[in-house]
Amino acid sequence: MLEIINNLDVYIVVVGMILFASVYASKISEKIGLPLLLIFLILGMFLGSEGVVGIDFDNTLLAQVVGSIALIFILYSGGLDTYWEQIKPVVVSGVMLATLGVLVTALVLAGFFYAIWNVTFLEALLLGSIVSSTDAAAVFMVLRSQKIKLKNNIKPLLELESGSNDPMAIFLTITVLQLIVMQESSTALEWFVQLMGQFAIGGAIGVLCGYVFPKICAKANISQPGLYPLISVAWLFMIFGFSALLGGNGYLSIYIAGIMTNRFAFPYKAHIIAFHDAIAWMMQITVFLVLGLLVFPSQLTEVALQALAFVFVLMFIARPLGVFFSLAKSRYGSKEKFFISWVGLRGAVPIILATYPFVYHLEQAQFIFNVVFFMVFISVLVQGMTLGFAAKVLGIIEKENVESTEDQNFKDYL
């Protein structure tokens with residue numbers, strides 16, 4: 001600590017340079033087509049203990065805290081950028097993907113892990129649960145940066161799924177960890193009731209708080225506009241905390257509150273949304289840099305073959321089965337379901353969840369973390385870089401009306 005105080009100016013300059021380089025990396029991402037979050041992960045490894053800079057960082061608990069706080073802002077910003085009119089037609093499909101789809105994916109992966117990996121079924125289910133959900137930060141970033149226009153409300157569906165399926169993965173991961181460590185015996189009915197309670201309470205708090213916040217802003221009558229974003233941050237923390245204290249899922253509450261808030265007009269709404277967009281970007285940069293710092297690249301080679309086999313099963317078997325099973329009664333065709341399966345990007349959440357076994361002092365904790373990190377890296381690299389190509393091949397890109405566009409340009413000119 002004394003060293004940090006004595007060299008505070010140096011650390012401030014270094015942090016500024018890292019943030020500046022991270023922001024400028026977005027231009028590199030657009031030019032070479034490499035997903036931006038992957039650049040942040042690589043930059044984190046470059047700065048880490050085995051990288052060129054050599055920053056010594058192995059605090060998994062701190063990384064977990066940073067990731068959890070970052071996820072609050074990322075999900076809220078994603079909710080604020082989501083319009084209810086767009087997701088309303090796909091709510092049922094989105095909920096099915098976020099719950100049943102995650103469960104099926106976790107079970108299929110667990111069966112594969114158990115068959116080829118010398119572990120108990122609970123340990124296999126733990127790894128399957130950790131990587132079972134798509135990542136909101138990854139999906140939001142890739143879909144919006146590539147500006148792909150998709151047919152049949154597929155984009156709102158994917159964003160709704162990625163923003164609401166983290167609670168299911170978190171619940172599964174913590175439940176399995178408790179079963180492993182504490183040897184608790186819970187019936188399927190008790191497990192189901194607990195899950196439904198988290199979703200019901202979390203959802204209700206999200207709707208209520210998302211409805212109340214615009215009313216607060218309308219009646220606050222604060223003379224300083226810059227304080228409105230501060231109110232939103234305070235409200236955000238209270239939503240998450242109250243939801244967790246009452247037995248709900250705080251992350252689900254946050255996301256739903258963002259969607260609900262965006263439905264109403266209130267003072268300085270655009271200012272608040274722009275503020276949270278900037279904070280979400282900073283949080284995404286921070287969490288991926290921290291997670292990149294946490295990994296030791298030399299250890300990844302030890303799990304490369306196993307992780308490649310696991311991610312292959314995830315991308316081509318487990319995720320498609322989860323999508324096709326949960327959307328069996330939907331209006332989406334086979335090509336659309338295949339594309340939805342391909343947009344199964346993993347990101348910060350699985351890596352954050354992979355730090356939980358360290359907290360529970362599991363013997364396989366380091367192995368699980370390295371495998372999950374490698375799987376996320378490959379998932380983002382392969383799937384993130386081929387989304388546009390997959391959409392074109394499957395024929396689900398919305399064709400623009402050239403004539404109407406030219407007419408609009410002419411009108412703008414006049």
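Biologist: What should I know before I start?

Modeller: The model is predicted, so local features need pLDDT of at least 70, side-chain atom pairs count only at pLDDT 80 or more, and totals for chains, interfaces and linings use all residues. Residues are numbered from 1 along each chain as its sequence is written, and side-chain values use heavy atoms, with hydrogens and water left out.

Biologist: How many helices and strands does the protein chain have?

Modeller: Helices (H or I, at least four residues) and strands (E, at least two) are DSSP runs, numbered from the N terminus. Here there are 20 helices and zero strands.

Biologist: At what angle do H7 and H10 pack?

Modeller: Axes are lines fitted to C-alpha atoms, for helices over the stretch in contact, and angles run from 0 to 180 degrees between N-to-C directions. H7 (residues 121-130) and H10 (residues 166-182) pack at about 160 degrees, with axes 8 Å apart. Angles under 35 degrees count as roughly parallel, over 145 as roughly antiparallel, 65 to 115 as roughly perpendicular and the rest as oblique, so H7 is roughly antiparallel to H10.

Biologist: And what about H3 and H14, how do they cross?

Modeller: The axes of H3 (residues 36-47) and H14 (residues 269-294) come within 7 Å and cross at roughly 45 degrees, which means H3 is oblique to H14.

Biologist: Which residues of H3 and H14 meet?

Modeller: Contact means heavy atoms within 4.5 Å. Among them are Phe40 and Met45 in H3, and Trp281 and Phe288 in H14.
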